[in-house]
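Hello,

Here is the structure I promised to pass on. Please open it first, then read the notes below.

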Amino acid sequence: MTASKSFPARLSIVTLGVSDLGRSTEFYEALGWRRSAASSPEIVWFRTSGSALGLFPYEALAADAGVPAGGEPSFRGVTLAVNLESPELVDAALETAVAAGATVVKPPAAADWGGYSGYFEDPDGHLWELAHNPFFPFTEDGRLDLP
């Protein structure tokens, strides 16, 4: 089945609701991510491979979506992932995240699906998986190429 022309199969932007925009910006910059010039005092943007990551105050994001802010749940039912070319790069990326202020949730280990994976949470509790999946190749420009 092909993607609908009216609803293409792509993910353009992920926006994370954050409790302290400055702290979260510093965290992602400490990972080595570059802030986009499109950023403003209200929202910070980072360019990622083929998409963008936005940081927006939690209450403002809820208001923009037209939903009550409520309390932040400990697990939101969503994880973000960075796939890497080797288990060694997973370990190195986790070290960088921890040095930036991340908390390890699950140390990297061999996974039952044949890869290597671990999880950390950013300063606002958003879960990130760092993984090496030998079954998911990369394109020449470093993007995931699902078979």
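**Strands and turns**

A hairpin is formed by E6 and E7, with five residues between them, and Gly125 in its turn has a positive phi of about 85°. Please keep in mind that this is a predicted model. Tyr119 stands opposite Glu129 in E7.

E6 also has a partner in E5. Strand E5 (residues 103–110) and strand E6 (residues 116–121) are antiparallel, and five bridges join them. Val104 has Phe120 in E6 as its bridge partner. The hairpin of E5 and E6 has five residues between the strands, and Gly114 there takes a positive phi near 100°.

Asn83 stands opposite Ala131 in E7.

How many of the six residues of E7 are buried? Six of the six are, and E7 is mostly covered. Leu127, Glu129 and Ala131 point one way from the strand. Trp128, Leu130 and His132 point the other way. Both sets are buried.

**The whole chain**

The protein has three helices and seven strands. From the N terminus on, their order is β-α-β-β-α-β-α-β-β-β. The C-alpha trace spans about 40 × 40 × 30 Å along its principal axes.

How does the radius of gyration sit with that of a compact globule? For 147 residues, such a globule would have a value near 15 Å. The protein has 16 Å, which agrees. Of the 147 residues, 32% are buried.

**Aromatic rings**

Next, the rings. A pair of aromatic rings is described by the distance of the centres and the angle of the planes. The count comes to eight aromatic pairs. In one of them, Tyr28 and Trp33, the ring centres are 5.6 Å apart. The planes of Tyr28 and Trp33 stand at 45°, so the pair is tilted.

Trp33 has 24%, so Trp33 counts as partly exposed. The cut-off for buried is under 20%.

Tyr28 has another ring partner, Trp128. Their ring centres are 6.0 Å apart and their planes are at 55°, so this pair is tilted too. The pair links distant parts of the chain. Tyr28 lies in helix H1 (residues 21–30) and Trp128 in strand E7, 100 residues apart. Trp128 is at 6% relative accessibility, so Trp128 counts as buried.

Which residues form the aromatic cluster? Phe27, Tyr28, Trp33, Phe46, Phe120 and Trp128 form one cluster. Two of these names came up above: Phe120 as the bridge partner of Val104, and Trp128 as a buried residue of E7.

**Pockets**

Now the empty space. Rolling a probe the size of a water molecule over the atoms shows where such space is left.

The largest pocket has a volume of about 1200 Å³. Its lining holds 30 residues. Thr48, Ser49, Ala81, Val82 and Asn83 lie nearest its centre. Which elements give two or more residues to this lining? They are strand E1 (13–18), strand E3 (51–57), strand E4 (80–83), helix H3 (87–100) and strand E7 (127–132). E4 gives the largest share, four residues. By type, the lining of the largest pocket divides into 20 nonpolar, eight polar and two charged residues.

The second largest pocket holds about 280 Å³ of space. It is lined by 18 residues. Nearest its centre lie Thr15, Leu16, Gly17, Arg76 and His126. E1 and helix H2 (58–65) each supply at least two residues of this lining. The lining of the second largest pocket has 12 nonpolar, five polar and one charged residue.

**The segment after E7**

One last stop. Asp145 is found in the segment after E7. Asp145 is partly exposed, with a relative accessible area of 37%. Its C-alpha atom is separated from that of Phe135 by 9.8 Å. Asp145 and Phe135 are 10 residues apart along the chain.

Best wishes

Definitions and conventions:
Residues numbered from 1 in each chain as written. Predicted model: local features only at pLDDT ≥ 70, side-chain atom pairs only at ≥ 80, totals over all residues. Heavy atoms only, no water. 1 Å grid on protein atoms, 1.4 Å probe; cavity = no way out; pocket = protein on both sides within 12 Å on 5 of 7 lines; lining within 4 Å. Points joined across faces, edges and corners; volume = space filled by probe spheres on them. Nonpolar A, V, L, I, M, F, W, Y, C, P; charged D, E, K, R; others polar. Phe/Tyr/Trp six-rings, centres within 6.5 Å; stacked < 30°, edge-to-face > 60°. Buried < 20%, exposed > 50% of the residue type's maximum accessible area, 1.4 Å probe, protein only. Pairing = 2+ DSSP bridges. Rg over C-alpha atoms; globule rule 2.2 N^0.38 Å.
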